[in-house]
Amino acid sequence: MAYRLRPSEPFTTEFCSVARQQLSKAIGHLEDQPDGPHEAIHDARKRFKRVRSLYRLIQPDAPDFRRQENARIRDIARQLSSVRDATALVETVTYLADFAASPEEKNALETARTTLTARRDRIAAEEHDLPAKIASAIEGCREAIDALDALNLSDTPRKTAKHLGKAWRKQLEKAHAAVSECEKQGGAETYHECRKSGQAYWMHLSLLREIWPSAMQAKQNECKTLVDLLGHEHDLSVLTELADKEPSLFGSGDRLARLLAAIINRQQTLRRDAMEKAQGLLAETPEEEAALIALLWERAAGTSPGKTNRNGAEPRKAEEESALRGAR
């Protein structure tokens with residue numbers, strides 16, 4: 001089963017099926033560990049992000065469930081983060097080396113990668129309680145699956161559409177606000193918020209793809225590009241924070257200066273490109289796009305809220321054709 005909600009099915013059943021599938025896959029990664037525990041944790045955390053984004057869609061219908069289960073999944077992910085975060089720093093320096101402005105800068109980045117690799121290995125070696133953390137995470141996932149048994153959502157197409165539209169609008173309002181803050185302030189935290197909003201939007205586009213497959217897929221591709229840009233930007237901010245806290249990790253002052261220069265140069269490019277992409281992606285207002293999502297869901301679920309005109313045409317067809325134009 002794909003990470004997708006089918007409007008043709010009862011919403012509660014479909015929602016719970018998608019949630020159970022993602023949580024079961026997380027358990028499978030953590031139990032099987034085909035590429036080792038750290039890669040398994042990385043894969044499981046991606047599933048947790050999908051579950052949390054899924055739960056955002058039912059905030060208007062089941063706020064207590066969403067709050068409780070979001071906190072549960074968030075805490076499970078946090079207890080598995082230390083080695084993965086250290087690995088991400090190694091990957092960030094490797095990525096940055098591809099954009100080195102000089103041989104000296106590239107050498108400084110290669111040295112930083114060696115240092116951060118040793119740091120990651122040290123953290124991994126010291127994490128003696130990792131098996132217990134993984135076992136706890138698996139148990140938490142099973143509890144999250146059991147919690148779905150008591151979930152009861154609105155299943156009528158009209159009510160479901162209304163709730164989805166409300167959740168969609170709220171998420172897009174966050175995204176628009178985050179982009180606005182990035183343009184005003186440009187700090188690391190504001191770009192991180194923009195990235196989180198972008199990730200949620202990308203997942204929501206995937207979840208509701210069947211209501212308009214071609215447009216949703218196109219817009220999802222654009223959103224993925226934005227998320228990748230902001231992901232690299234965030235990783236560079238985390239690397240900067242480590243360099244500020246532990247400058248001795250990176251050797252001489254000259255090497256540290258070259259590392260920071262490489263970070264700043266690349267980060268400026270990423271931020272500029274991300275804002276350009278975001279402006280196109282968020283061309284419609286949250287109200288316009290949320291209304292369209294609600295309309296499309298209701299129609300795809302088999303209930304048309306409008307009437308045809310005397311020529312047999314649907315009166316809101318023109319609105320549908322013009323909406324999501326940034327996806328084409």
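Student: Which residues lie nearest the centre of the largest pocket?

Tutor: Arg45, Lys49, His192, Arg195 and Gln199, out of 46 lining residues. A pocket here is an open set of points on a 1 Å grid over the protein atoms alone, with protein on both sides within 12 Å along at least five of seven lines, and lining residues have an atom within 4 Å of a point. Keep in mind that this is a predicted model, where local features need pLDDT of at least 70, side-chain atom pairs count only at pLDDT 80 or more, and totals for chains, interfaces and linings use all residues. Residues are numbered from 1 along each chain as its sequence is written, and side-chain values use heavy atoms, with hydrogens and water left out.

Student: What volume does the largest pocket have?

Tutor: About 1,800 Å³. A volume is the space filled by probe spheres set on the points, with grid points joined across faces, edges and corners.

Student: OK, and which element gives the most to that lining?

Tutor: H2, with 10 residues. Other elements giving two or more include H3 (63-78), H5 (103-126) and H9 (213-245). Helices are DSSP runs (H or I, at least four residues), numbered from the N terminus.

Student: How do the lining residues of the largest pocket divide by class?

Tutor: 13 nonpolar, 12 polar and 21 charged. Ala, Val, Leu, Ile, Met, Phe, Trp, Tyr, Cys and Pro count as nonpolar, Asp, Glu, Lys and Arg as charged, and the others, Gly among them, as polar.

Student: What about the second largest pocket, how much space lies in there?

Tutor: About 150 Å³. H7 supplies the largest share of its lining, 6 residues, and the classes come to 2 nonpolar, 3 polar and 6 charged. Among the lining residues are Arg56, Lys170 and His204.

Student: Switching to cavities: how many of 30 Å³ or more does the search find?

Tutor: The whole structure has 3. A cavity is a set of points where a 1.4 Å probe fits but cannot get out. The largest cavity is about 50 Å³, and its lining has 9 nonpolar, 2 polar and no charged residues.

Student: Which helix gives the most there?

Tutor: H8, with 4 residues. The lining includes Cys194, Tyr201 and Leu226.

Student: New topic. What is phi of Gln33 near?

Tutor: Near 50°, a positive value in a residue other than glycine. Most residues other than glycine have a negative phi. Gln33 sits in the loop between H1 (11-32) and H2.

Student: How exposed is Gln33?

Tutor: Partly exposed, at 27% relative accessible area. With a 1.4 Å probe and protein chains only, buried means under 20%, exposed over 50%, and partly exposed in between.
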